[in-house]
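Subject: Structure for your review

Dear colleague,

Please find below the structure that I am handing over to you. My notes on what was found in it follow directly after.

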Amino acid sequence: MKSRATALNGIEKSSFDLCVIGGGATGAGCALDAQLRGLKTVLVEAGDFACATSSSSTKLIHGGVRYLEQAITERDLGQYHVVKRALRERKIMLDNAPFLANPLELVVPCFSRRELYYFRIGMKLYDWISGRNLLFQSRLLSREESLRRMPMLKPDRLAGTIAYADGQFDDARYNIALLQTFTKSGGEALNYARVTGFIKSSAGQLVQARIHNGLSGEYFQIRAKAFINATGPFADGIRDLARPGVRHRLRLSKGSHILLPLDSVASSDALLVPKTDDGRVIFAIPWCGRLLVGTTDEEITLQDEMIVRKEEAEYLLKQLNRYLDRPLNRNQIVSGFAGMRPLVASNNARGTKALIRDHEVEVDSSSGLISVLGGKWTTYRAMAEDAIDTAMRCLAMPMVPCITGKHRLTGSEKWSANFWEELVRAYGISIETARHLSHKFGTVARAVLDLTKDNPGLKEPIVEGSASVLAEVVYGVREEMATTIEDIIARRTGLQFYSWEQARAAAPAVGAIMAGELGWTPNQQKDAVEEYVNKISRLMQLMGL
Ligand SMILES: Cc1cc2nc3c(=O)[nH]c(=O)nc-3n(C[C@H](O)[C@H](O)[C@H](O)COP(=O)(O)OP(=O)(O)OC[C@H]3O[C@@H](n4cnc5c(N)ncnc54)[C@H](O)[C@@H]3O)c2cc1C
């Protein structure tokens, strides 16, 4: 990626075929698809790339076992098609960035023969719908085998378990990799650039977006022939800017997650808790060296703060502990995060749990704004394909077929599971750091570590005990447009998910490097560190830690 200043300069001087608003999964997917089809494309993001829902997911690439259950019990063909499409997209996501995504075996504990049969049949159906995109066959594990693999499971009444496959990924890094691939293909991207209004032609069509530069406080305009609203939970706001008073379409649902040390359960298997008090499922899955537990589902408004409350953490632990021999407690929590699901409201009477995770591409006839609403991470590529097909039709351009299904993301070139060994040999780093870099950056890890040739100090960990190294901070600023301490610690390195304690301790070192790279004054550096440390301290306090 270009530096922010260079990108801004280029964007102000140009005019584009397409302006994508929103730098989450949907926007990054749309921008890449459009650029690869030959549309001159710019993407603007109000905060940091992936700062909202797209770094707050359960990190599963899935068709949705629960949605399949709904499809069957409610005889809902629409839901069935959503699951089928997601299972096709699951395979594409895994193939296009193997360093960021992997198949995962999940286990469903069953406490009666009836439950065993129920889930056995359900998972066979899930396999069957996957067709040639099947990852591996689901299977029944006896009570003995289940307890051997997952000794933390409550043995009383356990009848056995059903193991089935889905995918798992690093959502924030997948988002960054999409944007790296997009800019490498010639696209322009800018973070901390918020759309605050539009300028219309005499016929009422959008011709320019008014942008607030979050760093300088100045405003500028972007000229484009078409505008895609890919702002996820915020989409109604952009629809309102294009057509004031438009009927809102989204219903928002908050989902919270907590992370615990992986050794708090003596197993590296992923667990699906099939039934909670409010009829949901909960996942407890190993992710980046931690046990990720989530999620809740609570209808909210845009004004609600995305933080995990103590009660939410306790709810998640209570549901999970029913299945565990040795209960987990709140003091073991190392971090947490919450996000907003952008669900398209098709029927006001239903709760958010029941709304289909499908997407819709809407064209506003008066302004021409194209909005991509709803969907989920797993289907970001299919959503983008639909949106860019629509954009090409709106622009009356000859239809160029979508090629993202087979376009591997930057970092995937010649990557293999043992690529980390090359990093150990070539750069003399620890196995832990090599594995970490290989999975965060793919083969781009070489470029990160090349920074250490002139400055070997950059091989030092960001904070004691962490696999992340200081070179990632420099790389994040120079090549990934990281602008704040949180951009680095949360989304570029993932340390904030791994441990709030470590994240807080890392802030001074990260701030010092960023100050050098970005020319911060000593006061700016001090304020940036303080702001980040206070934010994390507050999150810990709210969790009662
Ligand atoms: C708790 C939870 C768990 C989930 N788990 C999964 C899962 O396991 N698997 C799965 O497939 N899906 C999952 N999802 C769904 C998935 O995360 C979302 O569907 C997806 O991330 C939405 O991406 P998006 O780009 O549409 O929205 P976002 O990621 O929210 O991006 C929208 C962006 O638009 C920006 N923006 C807003 N206003 C403006 C403006 N005026 N100008 C410029 N930019 C603006 C925002 O800053 C934001 O970055 C989960 C969702 C939640 C909440």
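In the notes on linings, Ala, Val, Leu, Ile, Met, Phe, Trp, Tyr, Cys and Pro count as nonpolar, Asp, Glu, Lys and Arg as charged, and the others, Gly among them, as polar. The model is a predicted one, in which local features need pLDDT of at least 70 and side-chain atom pairs count only at pLDDT 80 or more, while totals for chains, interfaces and linings use all residues. Residues are numbered from 1 along each chain as its sequence is written, and side-chain values use heavy atoms, with hydrogens and water left out.

Cavities

A cavity is a set of points, on a 1 Å grid over the protein atoms alone, where a 1.4 Å probe fits but cannot get out; a pocket is an open set with protein on both sides within 12 Å along at least five of seven lines, and lining residues have an atom within 4 Å of a point. Grid points are joined across faces, edges and corners, and a volume is the space filled by probe spheres set on the points.

Two cavities of 30 Å³ or more are present.

Asp269 sits in the loop between E11 and strand E12 (270-273); helices (H or I, at least four residues) and strands (E, at least two) are DSSP runs, numbered from the N terminus. Asp269 counts as buried because its relative accessibility is 14%, where buried means under 20% relative accessible area, exposed over 50%, and partly exposed in between (1.4 Å probe, protein chains only). Its side chain forms a polar contact of 2.6 Å with the side chain of Arg149. Such a contact is a pair of N or O atoms within 3.5 Å; within protein, one must be able to donate a hydrogen and the other to accept it, and residues adjacent in sequence count only if both atoms are side-chain atoms.

The second largest cavity has a volume of about 30 Å³. Among the residues that line this cavity are Asp170, Trp287, Lys440 and Arg491. Its lining divides into four nonpolar, one polar and three charged residues.

The second largest pocket

This pocket has a volume of about 920 Å³. Of its 35 lining residues, Trp287, Cys288, Gly289, His436 and His439 lie nearest the centre. Helix H12 supplies the largest share of the lining, five residues. The lining comprises 16 nonpolar, twelve polar and seven charged residues.

Nonpolar cores

A nonpolar core is a set of buried Ala, Val, Leu, Ile, Met, Phe, Trp, Tyr and Cys residues joined through side-chain atoms within 4.5 Å. The largest has 139 residues, and Tyr174, Phe198, Ile228, Ile258 and Ile485 have the most contacts inside it. Helix H17 (residues 500-518) gives the most to this core, eight residues. Another core, of 28 residues, lies apart from it and includes Ile162, Leu259, Phe283 and Trp287.

Two further residues

His257 belongs to strand E11 (residues 250-261) and, at 2% relative accessibility, counts as buried. The side chains of His257 and Thr58 make a polar contact of 2.8 Å. Trp128, in helix H5 (residues 113-130), counts as exposed at 62% relative accessibility.

Yours sincerely
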